Amino acid sequence: MLLSQGHGKPTHRLSDDAPPPSEPLLARIRPLASALSGSPVTTDTFAVEVVDPAPEAASPPRHRFAYLFAGAASFPDVQNPAAAIDAIATAMTQTGAAPEALVALPAILTYFGQFIDHDITASSDRDVGPSVIDTDTLVPGNRDAIAGAITNLRSGRLDLDSLYGDAPGQSALGNKLAAAMRDGARMRLGTAFRVDRRPTLPLDDGTDLPRFGALAASGGLTLTDAELDTLEGLTNPTAQERADARARRDRLALIGDERNDENLVVAQFHLALLRLHNATVDAIEATTNDPDAQFRDARRFVTWTYQWLVVNEYLARICDPSILDAVLTDEAKVYGTFRTANHDPAHPDLLPLPFEFSAAAFRFGHSMVRERYDYNLNFGDPDTNPATLDDLFTFTGRGFARVGNGPGIPTLPTNWIIDWDRFVRTLPAFPVRRARAIDTEIAPALRTLTNEPPGVFRNLAVRNLRRGYVMNLPSAQACIAGFAGAGIVIPALSRDDLLGGRTGPAVGSGGFVDHTPLWLYVLREAEVQAGGRHLGALGSRLVAETLVGLIVQDPTSYWNDPSRVGGRWTPTDGPPSGGLRIRSLETMLRAAGVLD
């Protein structure tokens, strides 16, 4: 169970450094805050608190990340690398009022990808050991030292331990919290704070993630002061320090990975999977009255459905179709070789992750993030009343507004329940419901992330590029050579391709044409080879090899269902959920009761 993992630096609290909320955001919150505090709320009395809570007691290493092409030449020294890298990042960020480049990819894919990332990796971007990026002196690190210092806190498998909270090797307290996430065979849900103009779906009140405060008040979770102090990182706290920590904790979600409550779309996707589990329990209750058997069967169905959707919905839309077909036909042979070389004999059920995937290629989704969204009936017009990216971070457990010393907003307000119809259907009449193109331009909001500490961590492009450099990730050209050594030919971008586009001048002046940072190359490749509609050749191969490989190499996955002969399992072979057979992300959301 991952209760405190943030991005970038180790644990931090930003209530003092976070900028004040914008006036439009205040206008949205004031009615809620006034209702809770019993008095009008003004800008002077209002503050947004962004908290990265203190970590649970350190747990032993689970398994390792490793380099897919460990023998590739080290990234060459660059003259003044910090300035050269930051120049590329500056060129990547959209400025002014230029329109976003949108493609026919539904916006849900941006956040489904983030959910997948949280399910399989944690700690690949920590500013620790030999991978420090907050410095003016950047040096490519020793790969062995980096692999030894950064440990994945996830199993590496697409097994939904982020949903069910039972990651391997966790503490007794973690196991206690995971047990509290269940209510018999079902998963607990939370109730949103009721305000006007609630979206129609779901029809019931299970509209928010379960939160510590509500569960404690209902008797669903009882923790000792010592256990709470452990969760909150407190040592000999004063009464006020303890009270403040409890108030923060009450708003946080009791879920397997708190990163899934950093962004509202991811949080609502997590909720949809919890609801799918409960709908599956409803569908199979007639077959057994044993709650443990109901839970086990529902979990297997939800997990396999999720894995099937990763391949047949996510990868099918994100990757070059011919490359995905080749990877599926060969059962991700490159990842298979990587896994054999890097698995932990003491823990054969844990799967290693390539740094080239986690720290570069799979971060392509950052370019798909939009500045504003057509979110629901309350916040839909992208010009006059959109849901901004800042909003999506505000209306979560870490960003809920607080009013002076008042109670604040305890849960998600009902006017912020997502309308999934606006995220899964890319109708021609509604282009604002699409994702941004996969290219070298990122949204302006990603230049100044308010939920990160000041400095390099607030600029996402700076962070990704610096991280790749100090981690000594093989260049894109080295990765292409590595695949060639495995008998896989990947067409490379030309010199003109790399010197073109918005980042071309910075690539040329920085000396990155022959040794291109992998994350940047994957984005430029998608831009050149696919017009931003999907990944190019190298990006598709790295992402498909890894995600398909994690499924193929997992003996408990749907791919290896022993009851299927002559074909793979599909969700239509399992129990129907919500009265529907699942064939897509859209029908999965219908089964969960959050889409009509």
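Analyst: This is a predicted model. Among contacts in the protein with a separation of 6 or more, 79% join residues 24 or more positions apart. The secondary structure comprises 23 helices and 11 strands, and 61% of the 596 residues are buried.

User: Which residues touch the most other members of the largest nonpolar core?

Analyst: They are Phe364 and Leu547, in a core of 168 residues. Helix H11, residues 291-318, supplies the largest share of this core, with 13 residues. Leaving aside residues up to four places away in sequence, Phe364 touches Tyr314, Ile318, Ile438, Trp519, Val522, Leu523, Leu535 and Val543.

User: How does one read the two sides of a helix? Which residues of H12 are buried, and which are exposed?

Analyst: The general idea is that an α-helix has 3.6 residues a turn, so residues three or four places apart point the same way. In H12, which spans residues 321-329, the buried residues include Ile323, Leu324 and Val327. These three lie on the same side of H12 because the arc they cover around the axis is only 100°. Ser322 and Thr329, on the other side of H12, are exposed. After H12 comes Glu331, with a positive phi near 50°.

User: Against which helices do the buried residues of H12 pack?

Analyst: They pack against H11 and against H22, residues 537-552.

User: How is the packing of two such helices described?

Analyst: Two packed helices are described by the angle between their axes and the distance between the axes. For H12 and H22, the angle is about 35° and the axes are 9 Å apart. Their crossing is right-handed. On the H12 side, the contact involves Ile323, Leu324, Ala326, Val327 and Leu328, which meet Ala537, Ser540, Arg541, Ala544, Glu545 and Val548 of H22. By class, the residues of this contact are 8 nonpolar, 1 polar and 2 charged.

User: Let us turn to a loop residue. Is methionine 181 buried or exposed?

Analyst: The test is relative accessibility, with buried meaning under 20%. Methionine 181 has a value of 2% and therefore counts as buried. This residue sits in the loop between helix H6 (172-180) and strand E5 (182-183).

User: What separates the C-alpha atoms of methionine 181 and leucine 221?

Analyst: A distance of 8.9 Å separates these C-alpha atoms, while methionine 181 and leucine 221 are 40 residues apart along the chain.

How values were computed: Residues numbered from 1 in each chain as written. Predicted model: local features only at pLDDT ≥ 70, side-chain atom pairs only at ≥ 80, totals over all residues. Heavy atoms only, no water. Core = buried A, V, L, I, M, F, W, Y, C linked by side-chain atoms within 4.5 Å. Buried < 20%, exposed > 50% of the residue type's maximum accessible area, 1.4 Å probe, protein only. Helix = DSSP H or I, 4+ residues; strand = E, 2+ residues; numbered from the N terminus. Contact = heavy atoms within 4.5 Å. Arc of directions from axis to C-beta. Axes fitted to C-alpha atoms, helices over the stretch in contact; angles between N-to-C directions. Left-handed = near helix turned anticlockwise from the far one by under 90°. Nonpolar A, V, L, I, M, F, W, Y, C, P; charged D, E, K, R; others polar.
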